[in-house]
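Hi,

Here is the model I promised to send over.

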Amino acid sequence: MAIHPSSSHTLVPALGQWDHVIGSPAHRIHVVQYGDFECPSCAQAYPSVKILLKNFGEHLCFAFRHFPLIEAHPHAELAAEAAETAGAQGKFWPMHDWLFENRDHLKAKSLRQYAAALDLDMLRYDAEMADHFYLQRIRENIASGRASGVQGSPAFFINGSIIDVSFGIHHLFEAITARIQHRG
């Protein structure tokens with residue numbers, strides 16, 4: 001994870017209605033991840049995030065925001081578009097999982113196969129992908145990441161503050177545990 005040195009490292013904007021979330025926004029602990037479906041580091045973090053949700057899910061609202069590193073990962077932006085297109089049909093999280101579990105196969109043909117396997121309305125999927133209907137939302141996620149000090153992925157925020165996971169994702173687990181215990 002790379003953090004911009006001159007940034008305040010505060011999440012902007014805060015968790016909102018356009019975010020894809022697991023758990024209730026009413027939960028006291030909000031975790032936001034900026035990620036890239038083609039990123040090896042994000043792929044390594046993916047199983048840990050699943051464990052995090054399993055162990056702490058009743059305390060968390062978890063959100064995923066797109067931060068495709070297009071220069072390094074040429075299929076990441078299209079994969080993010082596929083996730084948003086699936087999200088419009090109520091299947092963001094199944095597509096999210098499918099993309100991370102198949103990150104070496106993110107070309108348009110494979111993405112379409114994943115959409116069909118998720119039983120999406122394929123006419124709608126094809127039209128929205130052809131029109132890049134959700135590309136602006138992805139660009140807004142990237143802009144919010146940059147405004148928050150993110151330069152690479154994965155990047156994690158807890159209640160609006162960046163958590164440095166460059167030396168291990170266990171720092172994220174420790175920060176959440178501390179917040180749960182602090183609740184009393």
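There are zero disulfides in this structure, a disulfide being a pair of cysteine sulfur atoms within 2.5 Å. The sulfur of Cys39 has its closest cysteine sulfur in Cys42, 3.6 Å away, which is too far for a bond. Both cysteines are tucked inside: Cys39 is buried at a relative accessible area of 4%, and Cys42 is buried at 1%. (Buried is under 20% relative accessible area, exposed over 50% and partly exposed in between, with a 1.4 Å probe and protein chains only.)

Keep in mind that this is a predicted model, where local features need pLDDT of at least 70, side-chain atom pairs count only at pLDDT 80 or more, and totals for chains, interfaces and linings use all residues. Residues are numbered from 1 along each chain as its sequence is written, and side-chain values use heavy atoms, with hydrogens and water left out.

Now the rings. The structure has twelve aromatic pairs, meaning rings of Phe, Tyr and Trp (its six-membered ring) with centres within 6.5 Å; planes under 30 degrees apart are stacked, over 60 edge-to-face and the rest tilted. Phe62 and Trp93 make a tilted pair, with centres 6.1 Å apart and planes at 50°. This pair links distant parts of the chain, 31 residues apart: Phe62 sits in strand β3 (residues 60-66) and Trp93 in helix α3 (residues 92-101). (Helices, H or I with at least four residues, and strands, E with at least two, are DSSP runs numbered from the N terminus.) Phe62 is buried at 0%, and Trp93 is buried at 17%. Trp93 also pairs edge-to-face with Phe92, centres 5.0 Å apart and planes at 90°. Ring pairs join Phe37, Tyr46, Phe62, Phe64, Phe92, Trp93 and Phe100 into a cluster.

Cheers
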